[in-house]
Amino acid sequence: MTNKFKLITLAATAVLTLSIAGQSYAATTTFTDITNVSAKDKIISLQDKGLVQGVSKDRYFPNATLTVAQGIQLIVNALDLNIDTLRFIKEPHATDYFPKADDEAWYANALIIAANNDIGLPNDLDPNITWTKEEFTHQLILAIEKHSNLPMIKIIPMEFNDQDELSVSYEGSVQRALVLKIAELDQAGNFNPTDEITRADAAVLIYNALDYIDVHQAPSAE
């Protein structure tokens, strides 16, 4: 690999990281690279709400994969999680909760927020690896159930073509996501649980989750 290619690769990675972190381009232009993407309308809706950003003024990179750090940032942003009411004895650091994290990285604050909102993240997570579809779905469902005032319902598990590929620890969450129509099967009736999740896939899950929360909020105790 030439030094020039290395620099290009690093630059592209940095841009993708910034775009997920919410530090990139604002929702001023419709993305030109999602015209033929089935999730186009949902991506644009999330863009308008400031929940997803592009890698440039007009590009979203829908097929790029999502890292753990990027996925956590999406969940934190979508559910509007924060630590505004908490008081700490000492300044919190991401490595207090996740030893493999980098306290100087762009994602550090999102990890601190996620940890203090108890969304079920394992403390041995590596923020820099990619998340599979079943892993992101699992974490999103745990976060929703922890922080949204949703009614408790009994579900009847769905049957689908590749359900035997689901990890046992994620099966319940994925089933709930499918039954609640937060997650979707592809045209062949597969969930593709072990595939690396893309930016487009993540946007669909986030959009569907927010739509479900909006429609199914349980009545306030008051």
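Helices (H or I, at least four residues) and strands (E, at least two) are DSSP runs, numbered from the N terminus. The model is predicted: local features need pLDDT of at least 70, side-chain atom pairs count only at pLDDT 80 or more, and totals for chains, interfaces and linings use all residues. Residues are numbered from 1 along each chain as its sequence is written, and side-chain values use heavy atoms, with hydrogens and water left out.

**Whole chain**

Start with the protein chain in cartoon view. Its secondary structure comes to eight helices and zero strands, in the order α-α-α-α-α-α-α-α from the N terminus. Of its 222 residues, 45% count as buried; buried means under 20% relative accessible area, exposed over 50%, and partly exposed in between (1.4 Å probe, protein chains only).

Now switch to a surface. The protein chain exposes about 12,300 Å², and carbon and sulfur atoms supply 50% of that area. Accessible areas come from the Shrake-Rupley method with a 1.4 Å probe; for residues, only the protein chains shown count as cover.

Contacts come next (heavy atoms within 4.5 Å). Among those between residues at least 6 apart in sequence, 74% join residues at least 24 apart.

**Salt bridges**

Side chains of opposite charge can pair when their charged atoms come close. A salt bridge here is a side-chain nitrogen of Lys or Arg within 4 Å of a carboxyl oxygen of Asp or Glu.

Select Glu-184 and Lys-42. Their closest N and O atoms are 3.3 Å apart, in a salt bridge. Because Glu-184 lies in the loop between α7 and α8 (199-216) and Lys-42 in helix α2 (residues 40-48), the pair ties together parts that are 142 residues apart in sequence. Glu-184 is partly exposed at 40% relative accessibility, and Lys-42 is partly exposed at 21%.

Go on to Lys-146 and Asp-118, whose side chains form a salt bridge at 3.4 Å, N to O. Lys-146 is in helix α6 and Asp-118 in the loop between α5 (108-116) and α6, so this pair ties together parts that are 28 residues apart in sequence. Lys-146 is partly exposed, with a relative accessible area of 47%; Asp-118 is also partly exposed, at 45%.

Then pick Arg-176 and Glu-145, a salt bridge of 2.6 Å, N to O. This one ties helix α7, where Arg-176 lies, to helix α6, where Glu-145 lies, across 31 residues in sequence. Arg-176 counts as partly exposed at 25% relative accessibility, and Glu-145 as partly exposed at 43%.

**The loop between α6 and α7**

Select Asp-162, which is found in the loop between α6 and α7. Asp-162 is buried yet has no salt bridge; the nearest side chain of opposite charge, Lys-133, is 8.1 Å away. For charges, Lys and Arg count as positive and Asp and Glu as negative, while His and the chain ends are not counted. Show the neighbours of Asp-162: leaving out residues up to four places away in sequence, Asp-162 touches Asn-190, Phe-191, Asn-192 and Pro-193.

Move to Glu-165, in the loop between α6 (133-147) and α7 (168-179). Glu-165 is partly exposed, with a relative accessible area of 43%.
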